[in-house]
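Subject: Structure handover

Hello,

I am passing this structure on to you. Please open it first, then read the notes below with the view beside you.

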Amino acid sequence: MHLSRRLAIGLAMLATSAFALPAIAAEAPTEIDLFFPVPVDGKLARDMGTLIKEFNETHPDIKATAVYTGSYDDTLIKTRAAIKAGKPPSAVIMSANFLLDMQIENELTNLDSLIAADGSSKRQFLGQFFPPLQGNAVINGSVYGVPFQNSTPLLYINAEHAKEAGLDPDKPPQTWAELTDWAKKLTRREGDKVTRWGIEIPCVYDYCGWMMETLTMSNGGRYYNEEFGGEVYYDTPSMLGALTWWSDLIARHKVHPPGAQPGPAVSTAFISGNASMIMLSTGSLTYVRDNAKFPYKVAFIPRNVRNAVPIGGASLIIPAGLDAEKQKAAWTLIKWMTSPEKSAWWSRATGYFAPNMGAYKTPDMIDFLNKNPDAKTAVEQLDVAKPWFATYKTVPVRKVLEDEVQLVLNGKKQPKEALAAAQKAADDLLQPYNAETALKLP
């Protein structure tokens with residue numbers, strides 16, 4: 001072939017390729033990252049891999065990558081760092097009680113316009129989810145989070161131990177007095193050595209604050225002002241009674257191990273038979289079901305004044321700062337993950353209850369609940385559930401209480417002194433927000 005002709009053909013092919021490149025680029029999938037934590041026992045990381053693999057296979061125009069980010073607290077830190085660096089993840093499974101603080105700091109995408117673009121109203125969209133979850137998803141009338149994995153605290157009981165002690169596991173303790181009595185009968189000693197504890201309650205960062213909210217609410221109190229992000233109620237009779245009872249289980253009744261117990265240590269003690277009762281998230285239910293070599297029961301958290309528990313778990317959010325394409329892809333992922341079918345699958349896999357009420361009408365979930373009635377308890381407890389502690393600077397405000405509670409459980413401080421110190425420290429942290437809101441007067 002003549003050189004000039006070959007050159008002409010080559011140039012024509014190059015031009016054709018050049019014009020084709022934009023079309024190829026346009027067909028490339030939108031790549032998004034999903035930050036996810038693993039806050040409880042179990043195999044959540046593997047389950048998340050399974051879920052995202054299915055999403056990618058059924059949505060070829062989107063390529064989602066799940067990125068493990070540690071605990072709930074770690075996930076908040078890493079998300080904020082990514083936002084600050086100008087490279088936010090497209091979606092995050094964020095502790096539901098962090099949303100208010102993030103909204104105050106302008107770190108969240110308001111989801112109202114995305115809901116409207118689907119032809120739905122906020123009321124219709126939120127109507128899919130159990131009502132108690134909405135308190136941590138809606139801020140100032142707008143939707144900022146979509147409930148994904150949610151929990152309530154439960155009382156787990158070793159049924160064998162109960163029967164051996166002359167107790168009926170089918171009639172679990174309803175009050176703190178009954179729980180204390182059960183714990184005394186379940187505790188085993190060889191001389192001065194305790195060989196089995198009657199009750200264990202976890203107290204490490206995040207879990208400890210949730211447990212304090214649980215006990216305070218069941219003692220008639222409120223952990224914080226649900227309508228305003230600048231007030232917490234640490235130095236109150238209801239919280240004092242809650243912390244005193246927890247401390248008494250250790251120092252007075254000697255039915256709870258001394259010191260602040262990590263969550264994994266509590267679940268391990270239960271699985272190994274070294275603790276007869278524990279308070280733990282329903283998110284640990286699958287782990288217990290898969291590993292307990294004995295019959296067990298789960299029950300409502302006992303009351304002192306009233307039956308009440310806080311919601312726990314996480315919502316899916318879209319951080320601020322995303323371009324429209326990634327935002328749209330993230331919204332597609334969020335809607336898919338929180339659909340009745342996927343919500344039901346995640347609940348069965350993990351132990352969290354499904355926040356989408358439609359999940360409980362799916363055939364697989366109906367069959368699962370018939371075979372695993374223990375999974376119903378957390379859902380039934382929603383009748384007395386309330387929103388999870390959320391304020392300005394949620395994590396440090398929570399941690400000042402947790403620091404003081406740990407001192408009490410370690411025998412280094414008395415409850416009243418500890419709660420007064422926690423209140424003062426929290427008030428100092430909340431002061432800048434209050435100065436710009438409730439105390440900013442005309």
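**Overview**

The protein has 18 helices and 14 strands. Please keep in mind that this is a predicted model. Along its principal axes, the C-alpha trace spans about 105 × 60 × 40 Å. The protein has 442 residues, and 55% of them count as buried. Among contacts with a separation of 6 or more, 76% join residues 24 or more positions apart.

Look at β3 (residues 91-95) and β13 (residues 312-317). They run antiparallel and are joined by 4 bridges. I93 has L316 in β13 as its bridge partner.

**The three-strand sheet**

Another open sheet has 3 strands, in the order β10-β7-β11. The pairing is antiparallel. Here β10 (277-281) and β11 (296-299) stand at the edges. Each pairs with a single strand, so one side of each has no neighbour in the sheet. Neighbouring strands of this sheet are turned by 30 degrees against each other on average, direction ignored.

Strand β7 (residues 153-158) is joined to β11 by 4 bridges. I157 stands opposite K297 in β11.

Two helices to look at next are α8 and α9. Helix α8 (residues 176-186) packs on the sheet and touches β7 and β10. Its direction makes about 125 degrees with that of β10. Helix α9 (residues 207-218) lies across β7 and β10. It runs at about 110 degrees to β10.

**Helix α11**

Helix α11 covers residues 263-271. Which of its residues are buried? They are G263, V266, S267, A269, F270 and I271. Their cover includes β7, α9, β10, α12 (285-291) and β11. Just after α11, G273 takes a positive phi of about 85 degrees.

Helix α10 has 15 residues. At 1.5 Å a residue they should span 21 Å; the end C-alpha atoms are 20 Å apart, which agrees.

The buried residues of α10 are S238, M239, A242, L243, W245, W246, S247, D248, L249 and I250. What covers them includes α8, α9, β10, α17 and α18 (415-436).

How do α10 and α17 meet? The axes of α10 (residues 237-251) and α17 (residues 394-409) come within 9 Å. They cross at roughly 35 degrees. The crossing is right-handed. From α10, the residues in contact are M239, L243, W246, S247 and I250. They meet L401, V405, V408 and L409 in α17. By class, this contact has 8 nonpolar residues, 1 polar and no charged ones.

Best regards

Definitions and conventions. Residues numbered from 1 in each chain as written. Predicted model: local features only at pLDDT ≥ 70, side-chain atom pairs only at ≥ 80, totals over all residues. Heavy atoms only, no water. Axes fitted to C-alpha atoms, helices over the stretch in contact; angles between N-to-C directions. Left-handed = near helix turned anticlockwise from the far one by under 90°. Contact = heavy atoms within 4.5 Å. Nonpolar A, V, L, I, M, F, W, Y, C, P; charged D, E, K, R; others polar. Pairing = 2+ DSSP bridges. Expected span 1.5 Å × (residues − 1). Buried < 20%, exposed > 50% of the residue type's maximum accessible area, 1.4 Å probe, protein only.
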